[in-house]
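Visitor: I would like to go through this model with you, question by question. Where shall we begin?

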Amino acid sequence: MRASINPLGERARHTRWGRTATWYIAGSTVGGLVIGAGAGALGAGLHRLAPSPKLLAILAVGVCVLGLGFDLGVLGARLPTVHRQVNENWLARYRGWVYGGGFGFQLGLGVVTVVTTSTVYIALTLAVLAGSLGAGLLVGGVFGLVRALPVLAMSRADNPRRLRDALGRVHDWSGAATIAAIACLILVAATSAALIA
């Protein structure tokens, strides 16, 4: 979907890429804030049951290990997910700011479209385990913002050759992004394990 928001496509739809991309990033950040607030509020309620910090750290380690298992396909494990994408008909039907913000919001929520990495679920779980609305907002907002930033890779795709090159670069980065996500999971698990010790 991010490939649909590029300068060449926006020019063909008589919209400006910069405006659409800005709305996309803002929408994704707001979507992340919304789901992060919900997770944080849920966590605040659960924290009233007074779970120990050690139990919370054990849960964080467990979720990260489970997520790694899914991401690495251990024993053929596949992530549970909905089978829904954003509606690409919006590209021809609405103005750039509408589909930019709408697509971004849905992707910022994380779980209303196809989930391809466990980090989506783990971010939400960590927002719950953090146990406060503020922490949930922080986790969700960062998640939504970071999830939207790859659209900036399309910034120079103003002709067919540059679009092909940009799509090729994004494809080439996918392996590095997977390694970075796995490294983050290992870091969170290791930090949580250190808290247990």
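This is a predicted model: local features need pLDDT of at least 70, side-chain atom pairs count only at pLDDT 80 or more; totals for chains, interfaces and linings use all residues.

Visitor: Where does Leu-75 lie, and what is its phi?

Guide: Leu-75 lies in the loop between helix 3 and helix 4, the latter covering residues 90-93. Although Leu-75 is not a glycine, its phi is positive, at about 55 degrees.

Visitor: Is His-14 buried or exposed?

Guide: His-14 is found in the loop between helix 1 and helix 2. It is not a glycine, yet it has a positive phi of about 60 degrees. The cut-off for exposed is over 50% relative accessible area. His-14 has 75%, so it is exposed.

Visitor: How many helices and strands are there in the protein?

Guide: From the N terminus on, the elements run α-α-α-α-α-α-α-α. The C-alpha atoms fill a box of roughly 55 × 35 × 25 Å along the principal axes. The count for the protein is eight helices and zero strands.

Visitor: What percentage of the contacts with a separation of 6 or more is between residues 24 or more positions apart?

Guide: The protein has 197 residues, of which 37% count as buried. Among contacts with a separation of 6 or more, the share from residues 24 or more positions apart is 76%.

Visitor: How are helix 3 and helix 8 oriented to each other?

Guide: Helix 3 covers residues 53-72, and its axis comes within 8 Å of that of helix 8. The axes cross at roughly 155 degrees, and helix 3 passes helix 8 in a left-handed crossing. Angles over 145 degrees count as roughly antiparallel. Helix 3 and helix 8 are therefore roughly antiparallel.

Visitor: How many charged residues are in the contact of helix 3 with helix 8?

Guide: On helix 3 the contact includes Lys-54, Cys-64, Leu-68 and Asp-71, and on helix 8 it includes Ile-182, Leu-185 and Ser-192. By class, the contact has 15 nonpolar and two polar residues, and the number of charged residues is two.

Visitor: How is helix 3 oriented to helix 6?

Guide: The axes of helix 3 and helix 6 come within 10 Å and cross at roughly 175 degrees. That makes helix 3, relative to helix 6, roughly antiparallel.

Visitor: What classes of residue make up the contact of helix 3 with helix 6?

Guide: Among the residues in this contact are Val-63, Cys-64 and Gly-67 of helix 3 and Ile-122 and Leu-126 of helix 6. The classes are eight nonpolar, three polar and one charged.

Visitor: How far apart in space are Ile-122 and Gly-67?

Guide: Ile-122 lies in helix 6 and counts as buried, at 5% relative accessibility. Leaving out residues up to four places away in sequence, Ile-122 touches Val-63, Cys-64, Gly-67 and Leu-185. Ile-122 and Gly-67 are 55 residues apart in sequence, while their C-alpha to C-alpha distance is 7.1 Å.

Visitor: How are helix 2 and helix 6 oriented to each other?

Guide: The axes of helix 2 and helix 6 (residues 119-130) come within 6 Å and cross at roughly 40 degrees. Helix 2 passes helix 6 in a right-handed crossing. Angles under 35 degrees count as roughly parallel, and 65 to 115 as roughly perpendicular. The crossing angle is roughly 40 degrees, and helix 2 and helix 6 are therefore oblique.

Visitor: How many charged residues are in the contact of helix 2 with helix 6?

Guide: Helix 2 contributes residues including Ala-39, Gly-40, Gly-43 and His-47, and helix 6 contributes residues including Leu-124 and Ala-127. The contact divides into nine nonpolar and three polar residues, and as for charged residues, there are no charged ones.

Visitor: Is Ser-4 buried or exposed?

Guide: Ser-4 lies in the segment before helix 1 (7-12). Beyond its neighbours within four places in sequence, Ser-4 is in contact with Glu-10, Arg-13, Glu-88 and Leu-91. The cut-off for buried is under 20% relative accessible area. At 17% relative accessibility, Ser-4 therefore counts as buried.

How values were computed. Residues are numbered from 1 along each chain as its sequence is written. Side-chain values use heavy atoms; hydrogens and water are left out. Axes are lines fitted to C-alpha atoms, for helices over the stretch in contact, and angles run from 0 to 180 degrees between N-to-C directions. Helices (H or I, at least four residues) and strands (E, at least two) are DSSP runs, numbered from the N terminus. A crossing is left-handed if the near helix is turned anticlockwise from the far one by less than a right angle, and right-handed if clockwise. Contact means heavy atoms within 4.5 Å. Ala, Val, Leu, Ile, Met, Phe, Trp, Tyr, Cys and Pro count as nonpolar, Asp, Glu, Lys and Arg as charged, and the others, Gly among them, as polar. Buried means under 20% relative accessible area, exposed over 50%, partly exposed in between (1.4 Å probe, protein chains only).
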